[in-house]
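Trainee: Hi, I've got a structure open and I'd like to learn how to read it. Could we go through it together?

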Amino acid sequence: AAGALVSAAPARALNRGTPPSPLKPTLPAPDIRAKSRSTLQLMKDASSKDPVVQADAMRRLGLTSTVGDPGRLAPLAYHQATSKTCGVATQLQVLRSRGLLPDGDQREQEKVLAEEAVRRGFFDQGTPMAYNSSILIEKGVLVSRHIGATWPQFEAAVARGSLVVAGVDARFLWDVKSESPLSHSILVTGAEISKLSGEILGVYINDSGTYPPGAGRFVPIAQFRKTWEGMSRYFAEVPQ
């Protein structure tokens, strides 16, 4: 993945004797917009042409359903240690969500996992697409991997409430002006679905490539489709 990132602290061996703390119980999804408005204004905003304003208003009016668990998973987001380790960082969050890694400094854990990935041939100056969820598979996590997938396949995985590791072109997430794609990996933790139409209005993501980390950021569905289809249309589904 690309991005201006700081260096990691020296890594220590993982403390296998320290059990991981359980994640907090299910929490409300992160606010799409912090701004409060009157019910009348929300009703007007529910038909806004701005997809963020519209999704926020519909959610506050009870017109959407939240799938997945973005509120509980948002605290797992952290700032990846190097510009090449987004794939490792994304898988690390999944492992922590499953209680398969102990408590500890995530950036140090990332370096240990990256070294393991190098030894296994899963990492070489980045995570090749074919190995983007191989760490999870090696750790016993059930994963359904898709390369060159269709958009309906991706939407179906999100609608099931699964965790989804997705390869994206970060230019369309970070508003970067560049002619070259920015290959990146993020974690989709949930979505807002309209109760009226059944359409996905947007997804919640944990993005380790931004600082502060993109913890539970809401991305309108048209924007996310552009960033996902801009790469190889890759995703790995991890059932919740």
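Trainee: Which residues do ring pairs link into a cluster?
Mentor: Trp151, Phe154, Phe224, Trp228 and Phe235 are linked into a cluster by ring pairs. Rings of Phe, Tyr and Trp (its six-membered ring) pair if their centres lie within 6.5 Å; planes under 30 degrees apart count as stacked, over 60 as edge-to-face and the rest as tilted. Before we go on: this is a predicted model, where local features need pLDDT of at least 70 and side-chain atom pairs count only at pLDDT 80 or more, while totals for chains, interfaces and linings use all residues. Residues are numbered from 1 along each chain as its sequence is written, and side-chain values use heavy atoms, with hydrogens and water left out.

Trainee: Got it. How many aromatic pairs are there in the whole structure?
Mentor: A search of the whole structure finds eight aromatic pairs. Take Phe154 and Phe235: their ring centres are 5.5 Å apart and their planes at 85°, so the pair is edge-to-face. Phe154 lies in helix H7 and Phe235 in strand S7 (residues 235–238), so the pair ties together parts that are 81 residues apart in sequence. Helices (H or I, at least four residues) and strands (E, at least two) are DSSP runs, numbered from the N terminus.

Trainee: Is Phe154 buried or exposed?
Mentor: Phe154 counts as buried, at 1% relative accessibility. Phe235 is buried too, with a relative accessible area of 1%. Buried means under 20% relative accessible area, exposed over 50%, and partly exposed in between (1.4 Å probe, protein chains only).

Trainee: What about Tyr204 and Phe218, how are their rings arranged?
Mentor: Their centres are 5.5 Å apart and their planes at 65°, so that pair is edge-to-face. Both Tyr204 and Phe218 are buried.

Trainee: New topic! Which residues have the most contacts inside the largest nonpolar core?
Mentor: Phe154, Val188, Val203 and Phe224 do, in a core of 25 residues. Such a core is a set of buried Ala, Val, Leu, Ile, Met, Phe, Trp, Tyr and Cys residues joined through side-chain atoms within 4.5 Å. Among the elements that each supply at least two of its residues are helix H7 (151–159), strand S4 (183–194) and helix H9 (221–229). Apart from it lies another core, of 24 residues, among them Leu92 and Leu187.

Trainee: And what does Val188 touch?
Mentor: Leaving aside neighbours within four places in sequence, Val188 is in contact (heavy atoms within 4.5 Å) with residues including Phe154, Val203, Tyr204 and Phe224.

Trainee: How many residues of S4 are buried?
Mentor: Eleven of its twelve, so to speak a mostly covered strand.

Trainee: Which strands does S4 pair with, then?
Mentor: Two strands pair if DSSP finds at least two bridges between them. S4 runs antiparallel to S1 (residues 64–68), with five bridges. S3 and S4 are antiparallel over six bridges, and six bridges also join S4 to S5 in the antiparallel sense. Val67 stands opposite Ala191 in S4, and Glu192 has Gly202 in S5 as its bridge partner. S4 and S5 form a hairpin with five residues between them, and Gly198 in the turn has a positive phi of about 80°.

Trainee: Last one: what does the side chain of Gln91 reach?
Mentor: The side chain of Gln91 reaches the backbone nitrogen of Ile135 at 3.1 Å. Gln91 is in helix H4 (residues 86–97) and is buried, with a relative accessible area of 1%.

Notes
Polar contact = N/O pair within 3.5 Å; in protein donor to acceptor, adjacent residues only side chain to side chain.
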